[in-house]
Amino acid sequence: MATIDFPHEIRALRSTLDTISAVSDPDSLRVQIAELSDKASAPDLWDDPDAAQKVTTALSQTQSELDRITSMGERIDDLETLVEMATEEGDADTLAEAASELEGIRKDLGVLEVKTLLSGEYDAREAVVTIRAGAGGVDAADFAEMLLRMYLRWAERHGYPTQVLDTSYAEEAGLKSATFEVKAPYAFGHLSVEAGTHRLVRISPFDNQGRRQTSFAAVEVIPLIEQTDSVEIPESEIKVDVFRSSGPGGQSVNTTDSAVRMTHIPTGIVVSMQNEKSQIQNRAAALRVLQSRLLLQRQAEENAAKKAMAGDIKASWGDQMRSYVLHPYQMVKDLRTEYEVGNTSGVFDGDIDGFIEAGIRWRRGGDQD
């Protein structure tokens with residue numbers, strides 16, 4: 001094993017943590033925690049369950065963020081002590097343990113550092129994600145379902161609550177489309193780099209001749225609307241259709257017309273919701289997602305106008321941002337960042353933090369060009 005310059009590495013860790021602390025501002029976090037704790041202890045808190053849930057979730061998330069920063073400083077202190085003891089005693093096993101802890105701290109600091117890069121207008125929001133099957137027939141529909149599971153597993157790994165709002169099943173297998181919410185602060189900032197076209201290459205399980213098939217799926221990520229955003233949509237601009245919810249194979253899963261399809265007439269944006277129990281709930285969910293999409297569209301138009309005025313023309317991310325290859329070799333590669341891994345089963349089981357981190361760093365680098 002190569003000799004590690006522990007004093008140098010520990011100084012580098014402290015420097016990185018100082019940078020993270022300067023951005024995250026632990027004192028400000030403590031003030032937020034105190035304010036949220038006061039709200040959480042109010043006797044009438046649960047008179048409004050939705051508002052109460054937001055307060056308790058925000059308190060938990062803010063406390064966790066502060067704990068991660070303070071515990072990181074303690075871990076670096078402990079590492080320094082461990083190295084000093086091992087060096088004095090010439091203990092190779094303890095030095096090996098210190099080397100392992102050094103690598104662990106580096107990785108965890110990297111996660112914290114990425115959070116400091118999420119400074120976009122809507123990065124702190126919860127996210128609404130829509131996955132749509134593209135070219136590739138039944139394989140594309142199956143791929144869309146694989147991606148849905150991948151993102152839900154990613155959220156589960158982090159303890160982020162999710163709610164599937166709409167699923168449109170394909171006839172043979174898989175999904176035509178699915179929409180779900182990730183209810184956690186900074187979900188949009190993290191998942192926004194997942195937006196784009198994803199490609200799957202594999203031996204098709206649906207081809208009786210065992211031929212290789214390439215299929216595509218599109219991922220859309222938008223920030224969840226908040227009441228303060230004031231995206232007002234006149235009733236005259238909305239067309240609402242109701243229908244019965246359907247499950248796999250087109251079978252009806254509801255005996256009433258509870259599913260809702262909402263069309264924004266001026267833009268042609270269509271939102272469907274069928275996973276809530278009542279038409280009123282589905283209509284409210286559809287309106288919330290429609291407002292979110294209009295908010296993102298408004299932001300995109302503003303950014304395009306700014307770029308046009310500045311004469312700043314950049315290439316877009318492109319139609320294909322990531323490839324998942326299962327045959328003739330196994331690899332998942334992001335074509336923007338060049339980040340790649342060989343553990344495809346791990347990726348489809350939600351292990352995508354490396355891709356998200358690389359995407360956030362890549363995006364920030366592009367913003368600063």
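This is a predicted model: local features need pLDDT of at least 70, side-chain atom pairs count only at pLDDT 80 or more; totals for chains, interfaces and linings use all residues.

Reader: Which residue does Asp27 form a salt bridge with?

Author: The general idea comes first: side chains of opposite charge can pair when their charged atoms come close. Here the partner of Asp27 is Arg30, with 3.0 Å between the closest N and O atoms. Both residues belong to helix α2 and sit three residues apart, about one turn of the helix. Arg30 is partly exposed, at 41% relative accessible area.

Reader: Where else do side chains meet in this way?

Author: The structure holds 26 salt bridges. Among them is the one between Glu357 and Arg361, at 3.3 Å from N to O. These two lie in helix α9, residues 353–367, with a spacing of four residues, about one turn of the helix. Glu357 is partly exposed at 24%, and Arg361 is partly exposed at 32%.

Reader: And is Glu181 buried or exposed?

Author: Glu181 has 2% relative accessibility, so it counts as buried, which requires under 20%. Its side chain meets that of Lys183 in a salt bridge of 3.8 Å, N to O. Lys183 is partly exposed, with 29% relative accessible area. Salt bridges also link Arg149, Arg153, Glu156, Arg157 and Asp349 in a network.

Reader: Let us turn to the backbone. What should I look for?

Author: Most residues other than glycine have a negative phi, and most peptide bonds are trans. Against that background, look at Asp25, where phi is positive, near 55°. Asp25 lies in the loop between α1 (6–24) and α2 (26–40). Glu338 also has a positive phi, about 70°, and is placed in the loop between β10 and β11.

Reader: Which two residues does a cis peptide bond join?

Author: His327 and Pro328, with omega at about 10°. Pro328 is found in the loop between β9 (322–325) and β10 (331–334).

Reader: Last, how do I read a sheet? What is the strand order in the open sheet of three strands?

Author: Follow which strand pairs with which: the order is β6-β7-β8, and the pairing is antiparallel. The edge strands, β6 (238–243) and β8 (269–273), each pair on one side only. On average, neighbouring strands of this sheet are turned by 15° against each other, direction ignored. Six bridges join β6 to β7, and Val242 stands opposite Val260 in β7.

Methods: Residues are numbered from 1 along each chain as its sequence is written. Side-chain values use heavy atoms; hydrogens and water are left out. Two strands pair if DSSP finds at least two bridges between them. Axes are lines fitted to C-alpha atoms, for helices over the stretch in contact, and angles run from 0 to 180 degrees between N-to-C directions. A salt bridge is a side-chain nitrogen of Lys or Arg within 4 Å of a carboxyl oxygen of Asp or Glu. Buried means under 20% relative accessible area, exposed over 50%, partly exposed in between (1.4 Å probe, protein chains only).
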